[in-house]
Amino acid sequence: MEMSELTQSSAPRRFIGGQLLGSSQLVLGIILAVLCIAISIAAPQFYSEANIIAILRQCALVLIVASGMTMLIITAEVDLSVGASLAFVGCIGMAVLNSTHSLVLGMLAALAFAGGVGLFNGLVVTRLKVNSLIATIGTMMMLQGGVYLFTREAVQNHHRLVSFTDLGAGYIGAIPLPVVIAVAIFAIAAVTLRFTTLGRYLYAVGANERAVRLSGVRSERLKLFAFVVTGLCVGVAGMILASLMNAGQPTAGRGFELTVIAAVILGGTSLLGGRGSLFGTLLGVLVLKVIDNGIIILGWNQDLQMVVPGVVIILATYLDIIRNRANVR
Amino acid sequence: MSVDFLHPGEGAAVDTSVPALEMRGIDKRFPGVVALDNVDLTLEPGKIHALMGENGAGKSTLIKIMAGVYGKDAGTIRMRGRELDIKSPRDSLKEGIKVVFQEIALISEFTVAENIFLEGYPTGKGGSIDWRKIRADSAALFNRIGFNVDPAARTGSLPVSQQQMVEIARALAHEARVVVMDEPTSSLTPNEISLLFTVIRRLAALGIAVLYVSHKLDEVFEIADTVTVLRDGRHVSTRPIGDHTNDTLIQDMIGRRIESLFPRKRGAPGSKVALSVQGLSTAKKLKDVSFEAHAGEVLGFFGLMGAGRTELAKAVVGFDPITSGTISVDGHRLLPHDTHTGVRLGIGLLTEDRKSEGLMGELPVYQNASLASLGAFARMGFIDKAGERKAVQDYVDRFRIKTPSLFQEIKNLSGGNQQKVLISRWLMRGLNVIVVDEPTRGIDVGAKSEIFALIDRLAGEGLAVVMMTSEMPELLGLSDRVAVMCEGRLTAIMSRDDATQEKILNAAIG
């Protein structure tokens, strides 16, 4: 009797503890805070305005693509071709700029190409029913090889358009333009996922596609949409990257897809679909980029830039499993 | 493994004074559910003992405890006086208990002989497997149960009835004293059933205690010596079969008279044709199926397993493709043939497979309920969440859906409450025709009658209800008309008043 009373009275307390730990965002927020404080103590220049701006700028490219990727992974699909597409987009955008001297046409070409890649991925997955992991690895290889058919070397900037340079290097007030663009895309995606029927359907398709289809909703179109949005995000990011490098580099974007997917997963979005949030993705991007920056500022071996995030992903996922177990109890 | 099992004590007098297996005071709890509450069961050697009860009565939990799939929370299991400690399926088999589950657990890529000796291949020189002996021993085992299966056949290529025989042969190979048959006839033809019964009687003649799990009355009257009935996880009665009539058995199983389980409140069906299906065929199953369903009517479809009920349900709502035929809902053709058009015309499916086709398990109750009617709560693409939750709350109250809150993940609800949420999903959308496929599968007895009442109410509100079922009481208790299928064809349509179990079964056999 005493025993049962004891367990009963402790149960709610444990539950509240579980609630507090309940959001993976909170865990991630704490990790981020600890990282920032620790690095600041070891290297005070981490906390300088210039460095914070630099971190944000580095976050921008990943966040733009991760916004689309979060939607896509919520529908239980994934796109591994974003890195390869990013490089190709830069080359195509730059080539169109060189021949037309029009930023609008260059951007349109980039968006059309990247959106087209997304559409292709989406059609292969929804029509041919090829698993998206395999389909987009295929696309990745096609793009990685295809970009060399398009150009053997970097496409240099021959047009000298100031507005193009601003795309990567410009500011609005004190905030770099890429950061502003990233925040805007992030905000649109977050509102869509959270408040619209479209967002609700994206979660629903990831949670149970057959149930969604039985309810009269065209599930293939939702997945197609998520693939195309991811592609368009790559289009925007690819042009910013080309602007930052002042060239279209066929070798750019290697491993970029892994950083993006890592940020999304780290943010608590389930690869099985139906669960996740953009706010988590934002935190995921910040954690990865703060680690990057910390390693440089502390003067550590730069190869650790790959090693440490790898460790963090495994740790964070493990914490998530522990948290879920606590919730079940 | 020795050769002794081939002829031990054949025809010897069976000592029936000591029970082969004795289960006393078995308790089993799952989160939120008491599956078994102080259940007793005694099996005698050489006797066929039937275990009966509705879905959710605790039959499968009890045999899974016997088989070592679940542990028990309390109680004892004794075999010939000795207490057993069964911790795993392996333990159970070692003690001589063989459970033949409905979903047969053989390796389909292996040969029959390989499956029979799976747990211990006889070895020859240098530890190599003695294949010739395996085949010979297998043949001998089949000889003993009086049924021949080719030991060299690939198991997966055999029909279910023969796979069952392989399982029974395995039981003999393990010198089983207790053989449990879990709903063995659910996918067999009448011919196969009578062969199975012969083999089961033979097992009893060998002194084996047979537990025959079923909810089919006629079979139990034919084969059992004794019947134990479970209801809601409790032991209700154990009697010789001779003491029972159809009515007393049903009463023990459902705890009340059948009329009260199916309260009919709706009036007579209308004459308006809500659904018209003409010459419907699919690539795999359906052949030239034609019927009409009227507004306010429950049209019940019966058929044995594999008759094509689920295929028909999925084709009619536009979920699965068809090769020919037409479907019209309220006079409008279902073209193009997809669920988007179907739902727009007002036809929807309540699936038999809630988990993989109905529920979004990790999403909250309210999102599951509003899935089909989200458009009604949208303004410029944004969801009016307050309005949405209010509407769902309305259904939760009306249907007495038991959930801690609207935000509860639906996978945590009981089967009956999940089903009510899925029915709400369609009612919130508003339909003309609802196709319900095995509406009470996996639902507790208590909640069943609530689902029946809901179906009655749907028809009362003017929907045409097309109900696919394999449960005879459900079919006869709810339908206005009965349609019967056999191997993808419609073999009979009759009014409820003309329908008898015999007529229906004859049509189901074809």
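How many helices and strands does the secondary structure of chain B come to? The answer is 18 helices and 22 strands, where helices (H or I, at least four residues) and strands (E, at least two) are DSSP runs numbered from the N terminus.

Before I continue, a word on conventions. This is a predicted model, in which local features need pLDDT of at least 70 and side-chain atom pairs count only at pLDDT 80 or more, while totals for chains, interfaces and linings use all residues. Residues are numbered from 1 along each chain as its sequence is written, and chains are lettered from A and ligands numbered from 1 in the order in which they are written.

Let me stay with chain B. Its C-alpha trace spans about 75 × 50 × 45 Å along the principal axes. With 510 residues, a compact globule would have a radius of gyration near 24 Å, and the 25 Å of chain B agrees with that; the radius is taken over C-alpha atoms, and the globule rule is 2.2 Å times the number of residues to the power 0.38. Of the 510 residues of chain B, 47% count as buried. A residue is buried if 20 or more other C-beta atoms lie within 10 Å of its own, exposed if 12 or fewer, and partly exposed in between, with C-beta atoms placed from the backbone. Two residues are in contact if their C-beta atoms, placed in that way, lie within 7 Å. Among contacts in chain B between residues at least 6 apart in sequence, 69% join residues at least 24 apart.

One element of chain B deserves attention. Helix α10 of chain B, residues 309-316, is mostly covered, with eight of its eight residues buried. Among them are B:Arg309, B:Glu311 and B:Lys314. Just after α10(B), B:Gly318 adopts a positive phi of about 90°.

I turn to the contact between the chains. Chain A contributes 19 residues and chain B 25 residues. On the side of chain A, the elements giving two or more residues are α9 and α10 (209-214). The largest share, six residues, comes from α9(A). By class, this side of chain A has eight nonpolar, six polar and five charged residues. Here Ala, Val, Leu, Ile, Met, Phe, Trp, Tyr, Cys and Pro count as nonpolar, Asp, Glu, Lys and Arg as charged, and the others, Gly among them, as polar.

Helix α9 of chain A, residues 197-207, has 10 of its 11 residues buried, so it is largely enclosed by the rest of the structure. The buried residues include A:Arg200, A:Tyr201 and A:Tyr203.

Finally, helix packing in chain A. The axes of α3(A), residues 49-74, and α13(A), residues 278-297, come within 9 Å and cross at roughly 140°. Axes are lines fitted to C-alpha atoms, for helices over the stretch in contact, and angles run from 0 to 180 degrees between N-to-C directions. The two helices are therefore oblique to each other; angles under 35 degrees count as roughly parallel, over 145 as roughly antiparallel, 65 to 115 as roughly perpendicular and the rest as oblique. The contact of α3(A) with α13(A) divides into 10 nonpolar, six polar and two charged residues.

α3(A) also packs with α12(A), residues 256-266, at an angle of about 60°, their axes being 9 Å apart. This pair is therefore oblique as well. Its contact comprises nine nonpolar, two polar and no charged residues. A:Val62 and A:Ala66 are among the α3(A) residues that meet α12(A), and both also figure in the contact with α13(A).
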